[in-house]
Amino acid sequence: MNASVKETGAAGRPAVSIRDASKLYASSGGELNWAMTGVNLDIGEGEFVCAIGPSGCGKTTLLNTIAGFIQPTTGSVVAGGQPVTGPGADRGVVFQEYALFPWLTARRNIEFGLKMQGLDAPARRARAEELLALTGLSHAAGRYPFELSGGMRQRIAVARALATQPRVLLMDEPFAAIDALTRTSLQRELLRIWQELRLSVFFITHNIEEAVFLAQRVVVMSAHPGRIREIVDIDLPYPRNRADPAFGALYERISAAFAQNEEATA
Ligand SMILES: Nc1ncnc2c1ncn2[C@@H]1O[C@H](COP(=O)(O)OP(=O)(O)OP(=O)(O)O)[C@@H](O)[C@H]1O
Ligand SMILES: [Mg+2]
């Protein structure tokens with residue numbers, strides 16, 4: 001699909017390039033299931049892409065292949081010009097719910113990946129301080145996850161994912177469990193961080209409004225088998241206004257793609 005291919009960046013090379021990727025799962029009962037088929041997608045350098053689609057359509061599968069947690073059955077995934085063969089410091093991941101280590105303080109959660117990379121304690125601490133400041137949580141550095149609100153935990157999860165200075169941030173429904181008001185401020189903060197760090201972001205959501213608020217392009221997926229149904233350009237300036245009629249029009253357009261989805265899978 002031509003619309004899925006986007007080449008940006010000084011090097012003229014996308015941050016992530018997925019070609020003809022599919023994933024076949026065999027369940028424990030031996031049943032075969034194509035979770036994802038024929039996915040072609042480029043994520044440009046510094047581009048913000050949202051993926052949206054019904055439950056079970058393969059969104060997490062797609063994200064996990066970019067993260068390198070799983071290998072596609074067919075096709076290829078390239079990040080930063082290198083074939084993805086496993087997880088890497090160039091790709092930070094934020095999971096749906098509270099995936100912090102409960103036995104570590106906020107600061108030590110952020111430092112975890114840096115420790116794995118062999119950074120010494122003063123360098124780790126300095127980097128954690130920067131990220132705590134970036135996410136507005138300097139005051140909570142010494143708290144454990146159970147002492148943080150849901151919104152604060154997800155800010156720490158973002159800080160942890162950014163610790164190794166990834167070029168790509170992969171986010172799997174990171175704000176799904178957060179109340180509406182906090183969610184709105186997390187969305188604004190994420191846009192600020194994205195713009196400040198010039199990252200590429202791949203963000204999964206079930207929420208059309210969230211996708212239109214955040215993304216430059218929205219990938220609409222359909223299920224059975226999971227594939228890209230349509231890619232919608234969100235050509236609105238930031239910061240976006242939900243009351244803008246153009247915002248509403250894009251919301252409706254994505255809703256319509258969803259309705260087609262439902263008809264197709266009914
Ligand atoms: N490890 C696995 N083994 C077998 N099947 C799997 C595995 N992981 C996912 N699947 C199947 O692959 C399909 C896609 O799953 P995936 O988790 O990617 O969906 P999703 O779009 O992220 O859904 P949700 O919105 O509910 O998170 C589903 O049919 C699911 O049952
Ligand atoms: Mg999922």
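R198 sits in the loop between α5 and β8 (200-205); helices here are DSSP runs of H or I of at least four residues, strands are runs of E of at least two, and both are numbered from the N terminus. The model is predicted, so local features need pLDDT of at least 70 and side-chain atom pairs count only at pLDDT 80 or more, while totals for chains, interfaces and linings use all residues. Residues are numbered from 1 along each chain as its sequence is written, chains are lettered from A and ligands numbered from 1 in the order in which they are written, and side-chain values use heavy atoms, with hydrogens and water left out.

Back to R198: its phi is near 55 degrees, a positive value in a residue other than glycine. At 63% relative accessibility, R198 counts as exposed (exposed is over 50% relative accessible area, buried under 20%, partly exposed in between, using a 1.4 Å probe and protein chains only). D20 is another non-glycine residue with a positive phi, about 50 degrees. D20 belongs to strand β1 (residues 16-26) and is partly exposed, with a relative accessible area of 46%. As background, most residues other than glycine have a negative phi, and most peptide bonds are trans.

On the peptide-bond side, H224 and P225 are joined by a cis bond with omega about -5 degrees. P225 falls in the loop between β9 (217-222) and β10. A cis bond also runs from Y238 to P239, with omega near -5 degrees, and P239 is in the loop between β10 and α7.

That loop, between β10 (227-233) and α7 (245-265), also holds R240. R240 is buried yet has no salt bridge, a salt bridge being a side-chain nitrogen of Lys or Arg within 4 Å of a carboxyl oxygen of Asp or Glu. The nearest side chain of opposite charge, D235, is 6.8 Å away (Lys and Arg count as positive, Asp and Glu as negative; His and the chain ends are not counted). What the R240 side chain does reach is backbone: the oxygen of V212 at 2.8 Å, and the oxygen of I234, which lies 3.1 Å from a polar atom of that side chain. Such polar contacts are pairs of N or O atoms within 3.5 Å; within protein, one must be able to donate a hydrogen and the other to accept it, and residues adjacent in sequence count only if both atoms are side-chain atoms. Leaving aside residues up to four places away in sequence, R240 touches V212, F213, L214, A215, Q216, I234 and F247, where contact means heavy atoms within 4.5 Å.

Elsewhere, charged side chains do pair up, and the count comes to 13 salt bridges. One of them joins D42 to R19, with the closest N and O atoms 3.0 Å apart. D42 lies in strand β2 (residues 32-43) and R19 in strand β1, so this pair ties together parts 23 residues apart in sequence. D42 is buried at 0% relative accessibility, whereas R19, at 26%, is partly exposed. E47 and R217 also meet in a salt bridge (2.6 Å, N to O). This one links distant parts of the chain, 170 residues apart, with E47 in the loop between β2 and β3 (48-52) and R217 in strand β9; E47 and R217 are both buried. For E209 and R242, the N to O distance is 2.7 Å. E209 is in helix α6 (residues 208-214) and R242 in the loop between β10 and α7, so the parts tied together are 33 residues apart in sequence. E209 is partly exposed at 33%, and R242 is partly exposed at 28%. R107, R125 and E129 are linked in a network of salt bridges.

On a 1 Å grid over the protein atoms alone, a cavity is a set of points where a 1.4 Å probe fits but cannot get out; a pocket is an open set with protein on both sides within 12 Å along at least five of seven lines, and lining residues have an atom within 4 Å of a point. Points are joined across faces, edges and corners, and a volume is the space filled by probe spheres set on them. The largest cavity holds about 70 Å³, and α5 gives the largest share of its lining, four residues. The largest pocket has a volume of about 410 Å³. Its lining has 19 residues, of which R91, V93, G113, R160 and T164 lie nearest its centre, and α2 supplies the largest share, four residues.
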